[in-house]
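Trainee: I would like a close look at a single part of this model, its strand pairing, and then a walk from there through the rest. Please keep it plain.

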Amino acid sequence: MYLLREITAVRHHEGGLECAVRAVRGIELPGTPGYLTGEPLPDQGIETTMPNLPRLPVPPLDPREFVLRVSFDREDSVRITLAPRGARVLDEQPGWLGIVLDEAHAPTPRVRTTEDVPGRPTGPGTAGAGTPGTAQTVVHTGRMRVRLTRSPFALRVEDTATGRTLLRTGERLRQVAGFPMAPPVLATDSGTVLNLELGPDEQITGFGEQFGPLVKNGQRLRLRVEDALGTGTGMAYKPVPVWHSTNGYLGFLNTGAVVTADVGHRRPDVLGLTVDDEALDLWVIGSPSPKERLSRYTQLTGRATVPPPWAFGYWMGRCRYHSAAEMNEVGDTMRRHAVPCDVLHLDPDWLVVDRLNCDFIWNTERFGDRASFIAGLRERGLRLSLWELPYLDPASPRHAEARERGFLVRGSAGEPAEVAGTPSPDGRPRALLDFTNPEARAWWQELHTDFLADGVAVFKTDFGEGLPEDTVPADGTPGHHAHNLYPLRYNGAVSSAIAARTGRPALVWGRSGWAGSQRHPGQWGGDAESTVAGMRSTVRGGLSYALSAPGLWSHDIGGFYGPELTPELYVRWTQLGALSPLMRAHGLRPREPWAFGDRALEIARRWIRLRYALLPYLWQVAQQAADEGWPVLRPLALEYPDDPVAASVDDAFLLGPDLLVVPVFDDSPGPVRRRFWVPEGGWTDLLTGERCTGPGHVERTVGLESMPVLVRDGCWLPRLTVDETVRSTDDLLERSWQLHVYGAETGTREMTGFDGMRSAVHLEGDSVRAEGGLRLTDRAVRHGVPR
């Protein structure tokens, strides 16, 4: 283990500066918290006068040199790269791992050096070393400032616009004998540790799709893409090394390596970030507004595209439909019950060889001619979604072809690697396609071509978590980065194939992900349990993911597995799904509304129709995701960052900026009490018209047919009229929208039509006029204003 202790040289380097940093050997003390090097004890800040100071093992110094680079790619963001001299990252561009897309446009920073103040004790062993007067190098733009204490080494990032310290290393945190408990940087045989001091009221959120509480303080998270086997196992399908601090910054580690985030778990005042790599490549984006931070982050790593309008309709699936006749019957029954639906999903039964295999060989015995089958669905107003995964079974003829052509991921011994971490029923090893090989990627994409030509609308890109550790990717990506990067490359390959072969924005339904996955919408929350707890953890996962990979995320209505789903929980989950970014029902057993009785069918149909009525609003919010890099499903703190309660709310969310959605986590058949937080301002219940004013808690009694959905004053909510004649979104594209206005607002706003054209909408009194091709009724409906 090495502790970074002293900056020995500073020089200018490519829009910033480069520092040589001396590191010395250290040990973690046995039996007591703290670290020790072979330097003189006073230089380490150790209290040598402590009467019970034990005899200490002294490691040799054995110094090594590290390189610290500080550069700026915008006024509001700084990149801090730290690695041993000679490390690969020091010779690579920011986008070498495929996460960062935006090349730097570096402003010229200013560098200032201060020296020790004569007569002031500032040596390494001085209590308070690192305070003003200590030798420092300061590098800054107009907005961001990095302050480097040269000896002992320490780092601080400040926002000059707000005067706040955004983050600082943990050198001040010591135990009673003065031993440091959170040295700024530790370099071990297995990775690199960055220790940051948490402020007294600082809260940390993010780190991808985590199913525990939204505020991560007190948690220890291992960011490794896993087949999580549910939402309650502590594992994650889509961890992301991106987090937010209420100090006013977003942190992003540009890595594919496993990251462990200890947020005050081991040490209450320490955010410890361990990267299983020799390097740290950290971006810090500063702004009091989390929306501004996400805009900047997604400018760096990519933003979601807007899928076609049908994607925002109702999707129905089951694991599994076994034949074309069965799926046609589901579609016909949807129409008999007048339930709008746009997509039917088909899991692996469309394959001849299934069970953790996808080779694109269509099962004609079960589903007949593919083009005819898809055409039959379209006659019913339905589109087809198909399951896939990037694994090949030896029983498939595609396996031999891919192996012969060198398209399979290889292990360190040169043989095809085997899928790890996901059990298979027969124990046969499955191979993985190597998406870093351009020819293999093109081959996989070409396998989609005939399916897309026949009318397949979307692919569910399942799995992708099974790349073993000891692989040798074709493009030379280091093996310890490859596992977490695999789902990003897999989903990117399929998305690109869809876009290239259809000419429209791509849409997948992906389970696994990493940093940057938001640019390949959409994702869903994996295999939730069909319980109230499963529904609750699903919402938490979506909120956490929204802060790290903002875009279009959703979930399986009813959960995927577990105890038999009750009609009441099915209804509550359907209500949640109707107000989610995308809406899909799916599970091991039937999820069709009529499977849960007449009452459930009636209530579910009402909420599904409400979703179709809100299609114009969902369309506007999706444009925001593409234009600004904001999620469709939003934690309250994203819109209300100054609300001290909003940061911890993880049982409700905002759909876009204006709809407060309050899921009811209960499976009782009768009315239940629901208490929830309402942010500042006036709010109107979308369904009942009931008014309330925040900030404050509100308590409501809600029957099974109800869920609180509140509309913010100031909202212009475009809606459609949906009746029993509406089969799918196709029936709504030419209908006029009606503008519902909450509050007394007038003026002009921009709206985007389903054709992608943007129009100015003018509101004077109740009179509405739209420029361009947008169809709006000429009278607005006002709510929340005394008449």
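Trainee: Which residue in β8 stands opposite Val-139?

Mentor: Val-139 stands opposite Val-146 in β8. Keep in mind that this is a predicted model, in which local features need pLDDT of at least 70, side-chain atom pairs count only at pLDDT 80 or more, and totals for chains, interfaces and linings use all residues. Residues are numbered from 1 along each chain as its sequence is written, and side-chain values use heavy atoms, with hydrogens and water left out.

Strands (E, at least two residues) and helices (H or I, at least four residues) are DSSP runs, numbered from the N terminus. Two strands pair if DSSP finds at least two bridges between them.

β7 and β8 are part of an open, antiparallel sheet of five strands, in the order β6-β7-β8-β9-β10. The edges are held by β6 (110-114) and β10 (164-168); each has a single partner strand, so one side of each is left without a neighbour in the sheet. From one strand to the next the twist averages 20°, taken between axes, which are lines fitted to C-alpha atoms (for helices over the stretch in contact), with angles from 0 to 180 degrees between N-to-C directions.

Strand β1 (residues 2-13) and strand β2 (residues 16-28) pair over ten bridges, and one of the facing pairs is Tyr-2 with Arg-25 of β2. Two residues lie between the strands of this hairpin, where Glu-14 takes a positive phi near 40°. β1 also pairs with β11 (residues 185-187), in the antiparallel sense over two bridges, and Leu-3 stands opposite Leu-186 there. Tyr-2 has a further neighbour: the charged end of Arg-64 sits over the Tyr-2 ring, 5.0 Å from its centre. A charge counts as over a ring if NZ of Lys or CZ of Arg is within 6 Å of the ring centre and within 35 degrees of the ring normal.

A polar atom of the Arg-674 side chain lies 2.8 Å from the backbone oxygen of Pro-663. Arg-674 is buried, with a relative accessible area of 8%, and Pro-663 is buried as well, at 0%. Buried means under 20% relative accessible area, exposed over 50% and partly exposed in between (1.4 Å probe, protein chains only). The residues that Arg-674 touches include Asp-651, Phe-665 and Glu-699, while those touching Pro-663 include Met-535, Asp-651 and Met-707; a contact means heavy atoms within 4.5 Å. Phe-665, one of the residues touching Arg-674, has the charged end of Arg-536 over its ring, 5.3 Å from the centre.

Aromatic rings can pair with each other too. The whole structure holds 26 aromatic pairs. Rings of Phe, Tyr and Trp (its six-membered ring) pair if their centres lie within 6.5 Å; planes under 30 degrees apart count as stacked, over 60 as edge-to-face and the rest as tilted. Phe-435 and Trp-444 are edge-to-face, 6.3 Å centre to centre with 85° between the planes. Phe-435 is buried at 6% relative accessible area, and Trp-444 is buried at 0%. Trp-619 and Phe-754 have ring centres 5.7 Å apart and planes at 70°, so this pair is edge-to-face. Trp-619 lies in helix α12 (residues 615-628) and Phe-754 in the loop between β38 (747-752) and β39 (758-764), so the pair ties together parts that are 135 residues apart in sequence. Trp-619 is buried at 5% relative accessible area, and Phe-754 counts as buried at 14%. Ring pairs also link residues into a cluster, among them Trp-350, Phe-360, Phe-435, Trp-444 and Tyr-490.

Definitions and conventions
Polar contact = N/O pair within 3.5 Å; in protein donor to acceptor, adjacent residues only side chain to side chain. Lists of a residue's contacts leave out its neighbours within four places in sequence.
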